[in-house]
Amino acid sequence: MPGSGPSPSRTRPHPSRPRVFAYGAALGLAADLLVGDPRHGHPVAAFGRAAGAVERRLHRDHRGRGALYTALCAGSAVALGATATRAVRSSATASAALTAASVWAVVGGTTLGREARAIGGALEAGDLDVARERLPHLVGRDPQALDGPAMARAVVESVAENTSDAVVGALFWGAVAGVPGLLGFRAVNTLDAMVGHKSPRHRRFGWASARLDDVAGWPGARLTAVLAAVAGDDPRGAVRAWRADASRHPSPNAGPVEAAFAGALGVRLGGTLSYGGRIEHRPVLNARGRAVEVADIDRAVRLSRRVTWLTLAGCAGGRLLAGAVRRTRRKHGGAV
């Protein structure tokens, strides 16, 4: 007599999560490479508008209110990712497509490179007005306070930092936690950009977002620094600058990334900056390097691209290896 349950031959196997992530992440990065970010209707921009509306309702000059705001916004992104993952978990194809769409939505390597090269082209042509007009797309500094070399340095620093924030960190958390990790990391990073700065309005309210972003960005920043050393023109210089100068940077995550990029490219980064009329004197990273030139913008973009693909290989390979180890342990643990 047949049993009441489904026969083993008709039971649909659960899709391999490591392979789903590997295929989905590769497709998502390919989509970013081909089309970049849309000019209108970007999912991250939609999240930013929603988070802005929540801020207007919750804002008080108080850390507790800021922590509630961070938990609601970041938690909603993670919950959305978890719900979507459960909805498609029985289909490997749908799971890979969801991962690909999520990777495309949260990474921004292609747009980062395009903006950086556009500013570099304007600087090379001597059109400082166009360069200053485009610079706010990448950095929050005062464009009018910068000459050509200072803008070139700002672009290289932005390419370095955003390689970690916009690409490597997201892929790392995607490898660790799947789609919820991808969306959660991008939400935290976006909240930091919105309220994590030390303006009078956000000094207390944005504290939780800034600290959470420091924690979430820590592993991706170190991975970015390692891969910049591996993929750069001067691996020893990258490691030397990272070890000597990273801790001197005011950001615990931007420091290792910018120092490693500076050493890998053989240039000096850091120095005097102007944000919203506020002057900051940051330490010089890789002091033995030369001053940044316009041509170094393209070199930084190419280094960022190499780091991106190495990150994909490392994260996908790590997921596949971890899956193989788990299967081996289950097999041996279940053997009689």
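At 38% relative accessibility, alanine 92 counts as partly exposed. Buried means under 20% relative accessible area, exposed means over 50%, and partly exposed lies in between, for a 1.4 Å probe and protein chains only. Alanine 92 sits in helix 4. Helices here are DSSP runs of H or I with at least four residues, strands are E runs of at least two, and both are numbered from the N terminus. In sequence, alanine 92 and valine 20 are 72 residues apart. In space, their C-alpha atoms are 6.5 Å apart.

## Basis of the model

This is a predicted model, in which local features need pLDDT of at least 70, side-chain atom pairs count only at pLDDT 80 or more, and totals for chains, interfaces and linings use all residues. Residues are numbered from 1 along each chain as its sequence is written, and side-chain values use heavy atoms, with hydrogens and water left out.

## Helix 3 against helix 4

Helix 3 spans residues 63–88 and helix 4 spans residues 92–106. They pack at an angle of about 155 degrees, with their axes 8 Å apart. Helix 3 is therefore roughly antiparallel to helix 4. Axes are lines fitted to C-alpha atoms, for helices over the stretch in contact, and angles run from 0 to 180 degrees between N-to-C directions. Under 35 degrees counts as roughly parallel, over 145 as roughly antiparallel, 65 to 115 as roughly perpendicular, and the rest as oblique.

Helix 3 brings Ala84, Thr85 and Val88 to the contact, and helix 4 brings Ala94, Ser95 and Leu98. Contact means heavy atoms within 4.5 Å. By class, this contact of helix 3 with helix 4 has 4 nonpolar, 2 polar and no charged residues. Ala, Val, Leu, Ile, Met, Phe, Trp, Tyr, Cys and Pro count as nonpolar; Asp, Glu, Lys and Arg count as charged; the others, Gly among them, count as polar.

## Serine 95

Serine 95 belongs to helix 4. Its relative accessible area is 10%, so serine 95 is buried. The serine 95 side chain reaches the backbone oxygen of valine 88 at 2.9 Å. A polar atom of that side chain also lies 2.8 Å from the backbone oxygen of serine 91.

## Helix 2 across helix 7

Helix 2 (residues 43–58) and helix 7 (residues 148–195) cross at roughly 55 degrees. Their axes come within 10 Å. That angle makes helix 2 oblique to helix 7. On the helix 2 side, the contact uses Val44, Phe47, Gly48, Ala51, Gly52 and Glu55. Helix 7 supplies Arg186, Ala187, Thr190, Leu191, Met194 and Val195. The residues of this contact divide into 7 nonpolar, 3 polar and 2 charged.

Serine 158 is also in helix 7. With a relative accessible area of 3%, serine 158 is buried. Serine 158 touches Leu112, Leu138 and Val139, not counting residues up to four places away in sequence.

## Helix 8 beside helix 10

Helix 8 (residues 207–231) and helix 10 (residues 254–265) pack at about 5 degrees, with axes 8 Å apart. Helix 8 is thus roughly parallel to helix 10. Ala221, Arg222, Thr224, Ala225 and Ala228 of helix 8 meet Pro256, Val257, Ala260, Phe261 and Ala264 of helix 10.

## Asparagine 286

Asparagine 286 lies in the loop between strand 2 (278–281) and helix 11 (295–334). Asparagine 286 counts as buried, at 6% relative accessibility. Its phi is near 60 degrees, a positive value in a residue other than glycine. Most residues other than glycine have a negative phi.

Notes. Polar contact = N/O pair within 3.5 Å; in protein donor to acceptor, adjacent residues only side chain to side chain.
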